[in-house]
Amino acid sequence: TSTYHYIVSNHLANNGSVNVTNWEQGLYTARVFTWDTRNNVDTLTVEFEVTEQDNEAPVVPTLLSVLSEGEGFRIRWLPNTEEDLAGYHLYFSYDMETWTSNHDESVLTDTTSELIVPSFPQDMVIYFKLTAVDNAPFPNESEQSDIYGLRLGNPNEQFAIIDAYDRIGGAWTESTHPFVALLGQRLDRIGLPFGTVNDDLFELDTTYYLPPGKIIYTLDDTDPLPSSLTEQLLNSI
């Protein structure tokens with residue numbers, strides 16, 4: 001209905017950007033004009049939308065397993081159910097101190113629940129943690145999942161570390177934990193391969209069976225183990 005002129009550049013002493021906090025929600029068109037002292041003129045037109053602010057991050061994703069597969073490994077997780085879910089960020093580390101992410105929501109979209117790495121060096125340890133992100137204009141990222149790990153090696157010597165710790169309270173008050181990875185660090189120090197399994201996997205995937213004759217570390221909490229896991233443990237005795 002009329003003409004507005006904004007200084008869109010920020011300055012050292014103040015923010016000169018357009019503040020839409022009190023604008024009504026809806027679609028808008030911004031047109032920016034620029035010209036020089038020789039009367040050369042150009043125009044940029046941008047359409048944008050003012051929406052309700054979204055500061056709510058997705059819930060923490062649940063890793064289900066990090067297990068060897070062929071010459072590599074497969075990572076599985078429980079899909080998040082948020083309607084505005086964009087995908088996931090997967091972080092990895094070789095020492096649990098320096099973390100890197102090469103896979104974001106452009107690769108691990110909202111419809112993915114696993115990642116297959118076809119090859120990985122033998123006798124090398126790697127740790128993973130996962131976050132979920134939404135599709136807000138300024139994406140919200142969830143807290144990080146439990147830390148799981150893997151070390152490839154001789155299948156006859158491989159450990160299966162079962163994560164059955166879900167309790168929050170008492171000595172541990174955080175929503176996620178690194179207990180499985182800490183066990184993996186100790187196995188790695190003595191050169192033993194291992195994989196990681198969440199005890200929820202035995203209820204979600206009844207086709208999964210632990211390799212027979214392997215040594216298993218369990219981190220049991222106050223809840224009972226899944227019946228399918230208990231049955232497998234009894235049959236392996």
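A charge sits over a ring if NZ of Lys or CZ of Arg is within 6 Å of the ring centre and within 35 degrees of the ring normal. Lys 129 meets this rule: it lies over the face of Trp 99, at 4.1 Å from the ring centre. This is a predicted model, where local features need pLDDT of at least 70, side-chain atom pairs count only at pLDDT 80 or more, and totals for chains, interfaces and linings use all residues. Residues are numbered from 1 along each chain as its sequence is written, and side-chain values use heavy atoms, with hydrogens and water left out.

**Aromatic pairs**
- Rings of Phe, Tyr and Trp (its six-membered ring) pair if their centres lie within 6.5 Å; planes under 30 degrees apart are stacked, over 60 edge-to-face, the rest tilted.
- The count by this rule is nine aromatic pairs.
- One of them is Tyr 165 with Phe 179, edge-to-face at 5.1 Å centre to centre and 90 degrees between the planes.
- This pair links distant parts of the chain, 14 residues apart: Tyr 165 is in the loop between strand 10 (159-164) and helix 1 (179-189), and Phe 179 is in helix 1.
- Tyr 165 is buried (under 20% relative accessible area), at 12%.

**Positive phi**
- Most residues other than glycine have a negative phi.
- Asn 39 has a positive phi of about 65 degrees, and sits in the loop between strand 1 (26-35) and strand 2 (41-50).
- Asn 39 is exposed (over 50%), at 66% relative accessible area.
- Asp 123 has a positive phi near 60 degrees, in the loop between strand 7 (114-117) and strand 8 (125-134).
- Helices (H or I, at least four residues) and strands (E, at least two) are DSSP runs, numbered from the N terminus.

Technical notes. Buried < 20%, exposed > 50% of the residue type's maximum accessible area, 1.4 Å probe, protein only.
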